[in-house]
Amino acid sequence: LCLLFFGIHAAWVNVVACAQSGERLCAFRDSYSRSEPQGISEERINRDNGTVLCEKGSQCYGLWEKMQDGGIRMMKQGCWAHVGDKEDCCSPECVVINHRQNGTFRFCCCSTDMCNVNFTENFVPLPDPTETVPPS
């Protein structure tokens with residue numbers, strides 16, 4: 001019972017620390033838009049070095065596209081204010097934990113400055129839809 005309490009307490013402290021963080025510096029890229037991106041004021045974006053100063057409570061995120069030839073193309077990076085599960089974005093590193101759009105896109109969010117520059121994958125890949133499984 002004591003171990004369960006300390007485990008729950010440690011997880012709660014991690015979530016609270018993540019949610020109460022101050023402004024966050026994130027890598028920034030928006031390959032879709034040339035206007036005011038993601039509702040972020042232009043003063044917060046430094047296009048010279050590709051960074052954005054996110055508001056208090058925001059985390060960093062990245063969206064990459066995995067190409068058919070195996071290459072990776074950066075789509076978007078910036079501030080992520082919406083968090084579904086509070087623990088999803090509390091990692092200090094940007095770790096992809098599931099697939100988006102038939103396994104083509106890789107999304108991650110994280111809680112430390114510039115953590116969205118790179119990403120790692122930590123999931124079981126979906127089967128290739130072009131491969132057929134022989135009947136058993």
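Here are some questions and answers about how the features of this predicted model get their names.

The model is predicted, so local features need pLDDT of at least 70 and side-chain atom pairs count only at pLDDT 80 or more, while totals for chains, interfaces and linings use all residues. Residues are numbered from 1 along each chain as its sequence is written, and side-chain values use heavy atoms, with hydrogens and water left out.

Q: How many helices and strands are there in the protein chain, and what makes a run count as one?
A: The protein chain has one helix and nine strands. Helices are DSSP runs of H or I with at least four residues, strands are runs of E with at least two, and both are numbered from the N terminus. Along the sequence the pattern reads α-β-β-β-β-β-β-β-β-β.

Q: What makes β1 and β4 a pair of strands?
A: Two strands pair if DSSP finds at least two bridges between them. Strand β1 (residues 24-27) and strand β4 (residues 51-54) are joined by four bridges, so they pair, and they run antiparallel. Within this pairing, L25 stands opposite L53.

Q: Why is T51 called buried?
A: Buried means under 20% relative accessible area, exposed means over 50%, and partly exposed lies in between (1.4 Å probe, protein chains only). T51 has a relative accessible area of 9%, so it is buried. In the protein chain, buried residues make up 34% of the 136 residues.

Q: What is T51 in contact with, and what makes a contact?
A: A contact means heavy atoms within 4.5 Å. Leaving aside neighbours within four places in sequence, the contacts of T51 include L25, C26, N46 and M114.

Q: Why is M114 called partly exposed?
A: M114 has 29% relative accessibility, which falls between the buried and exposed limits, so it counts as partly exposed. M114 lies in the loop between β8 (105-110) and β9 (120-121). Its phi is near 60°, a positive value in a residue other than glycine. Most residues other than glycine have a negative phi.

Q: How do you know that E23 and R44 form a salt bridge?
A: A salt bridge is a side-chain nitrogen of Lys or Arg within 4 Å of a carboxyl oxygen of Asp or Glu. For E23 and R44 the closest N and O atoms are 3.0 Å apart, so the pair qualifies. E23 lies in the loop between α1 (2-19) and β1, and R44 in the loop between β2 (29-30) and β3, so the pair ties together parts that are 21 residues apart in sequence. By this rule the count comes to six salt bridges.

Q: What makes R106 and E121 a salt bridge?
A: Their side chains meet at 2.3 Å, N to O, so they are within the limit. R106 is in strand β8 and E121 in strand β9, 15 residues apart. R106 counts as buried at 6% relative accessibility, whereas E121 counts as partly exposed at 39%.

Q: Why is the link of C54 and C79 called a disulfide?
A: A disulfide is a pair of cysteine sulfur atoms within 2.5 Å. The sulfur atoms of C54 and C79 are 1.9 Å apart, so they form one. C54 lies in strand β4 and C79 in strand β6 (residues 72-80), so the pair ties together parts that are 25 residues apart in sequence. A search of the whole structure finds five disulfides.
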